[in-house]
Amino acid sequence: SLAPGIAVRRTASGGADGVTGANQFDTRVAPDGHTVLMAPGEAVLDWLVGDPRAHFDVGHWVPVMAAVTPAVVVGRPAVFASGGVVRIAAAHPAGHELPAVLGIELLGGRAQLVPGVVEDETLLAALTHNAVDAVLLRGHKVPEQAKDLSVAGVAPIFTLGARNDAGALVRPAAFPDTPTLPELYAARRGSQLAGPICDAWSAAAAASQLEFALVLPQLTPAAMVALWRRAGTEAADALDVQSAALAQAVQLLGGPAATAATAPAAANETALLALRQWLDHRFNWRPA
């Protein structure tokens, strides 16, 4: 969607988690608008939890385009209602399941991580045989996964939400009848979820749902930002691109919508400290 005649060159840098590429983007790329970074949500999560490999700052990224997927925690309603131990499928607390694990604890439960449950068939077997009480469904075809898992006696508990153009957290279109975590928290606790740990949860939720963010470096000239954002919006709205995204239940966003979806991931220092202290104190987890 850039102007005709503009040559585009793609350079793959580092591994699939995007950390190496993001580091190089932060240190080597001039903010002239000639280079954009396509970063996955994994890179943002690694930055949030303080991975020592991550030397970039997500807060310095200028969003052009983004792709997000719905995410929902499904589980046994009775277990969540009791406020006791909730066994959740997760290899460690700082992966994509981070907002689900933190959400369980904010609701008053105690998350117990159960590793080794990753594939759809394994999830169904684990839920059917009572090996876990909850899983986070994210990525492609989440609504279909949730429907398939309903035969195991589980139901959607809360979603990680979606951002409207104004940046407010709302229920995703795929799960209109399921509350977001802040909604469920307010209903159960009688008060609003707020403070640094709430900001930390919002950042983790945004990162976990992020398929990719296409971003420019900080201080890119306004004219170049406008050029890229216009191209990003046109690409996201293209019918063939939308058709491919719809088949995977991926939402493509350009312009203000891309900014609204990615901005919460850029947690401030207070929220980052709260998140990392919680990981340390609750799970004795520190990045390697």
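Guide: Gladly. Helices H2 and H8 cross with a left-handed sense. Please keep in mind that this is a predicted model. The angle between H2, which covers residues 41–48, and H8 is about 155°, and their axes lie 8 Å apart. Angles over 145 degrees count as roughly antiparallel, so H2 is roughly antiparallel to H8. On the H2 side, the contact is made by Gly 41, Val 44, Leu 45 and Leu 48, while H8 brings in Ala 203, Ala 204, Ala 207 and Ser 208.

Now to H8 itself. The buried ones are Cys 198, Ala 200, Trp 201, Ser 202, Ala 203, Ala 204, Ala 205, Ala 206, Ala 207 and Ser 208.

H8 has another partner to look at, helix H12, made of residues 269–283. The axes of H8 and H12 come within 8 Å and cross at roughly 85°. An angle from 65 to 115 degrees counts as roughly perpendicular, so that is how H8 stands to H12. Here Pro 196, Ile 197, Asp 199 and Ala 200 of H8 meet Thr 270, Ala 271, Ala 274, Leu 275 and Trp 278 of H12.

Setting aside residues up to four places away in sequence, Leu 48 touches Ala 203, Ala 204, Ala 207, Ala 265, Ala 267, Leu 272, Leu 275 and Arg 276. In the largest nonpolar core, which has 64 residues, Leu 48 is among those with the most contacts inside it, along with Phe 56, Trp 61 and Phe 158. Helix H8, residues 196–208, gives the most to this core, with eight residues. Another core lies apart from it; that one has 17 residues, including Ala 89, Val 142, Ala 146 and Phe 175.

Pro 63 sits in strand S2, residues 62–68. Its relative accessible area is 11%, and since buried means under 20%, Pro 63 counts as buried. Beyond residues up to four places away in sequence, Pro 63 touches Leu 214, Val 215, Arg 229, Ala 258, Thr 259 and Thr 262. Pro 63 and Ala 261 are 198 residues apart in sequence, with 9.3 Å between their C-alpha atoms.

Leu 219, by contrast, is exposed, at 71% relative accessibility. You will find Leu 219 in the loop that runs between strand S10 (210–216) and helix H9 (222–237). From Leu 219 to Leu 45, one of the H2 residues in the contact with H8, the separation is 174 residues in sequence and 24 Å in space, C-alpha to C-alpha.

Note on methods:
Residues numbered from 1 in each chain as written. Predicted model: local features only at pLDDT ≥ 70, side-chain atom pairs only at ≥ 80, totals over all residues. Heavy atoms only, no water. Core = buried A, V, L, I, M, F, W, Y, C linked by side-chain atoms within 4.5 Å. Buried < 20%, exposed > 50% of the residue type's maximum accessible area, 1.4 Å probe, protein only. Helix = DSSP H or I, 4+ residues; strand = E, 2+ residues; numbered from the N terminus. Contact = heavy atoms within 4.5 Å. Axes fitted to C-alpha atoms, helices over the stretch in contact; angles between N-to-C directions. Parallel < 35°, antiparallel > 145°, perpendicular 65-115°, else oblique. Left-handed = near helix turned anticlockwise from the far one by under 90°.
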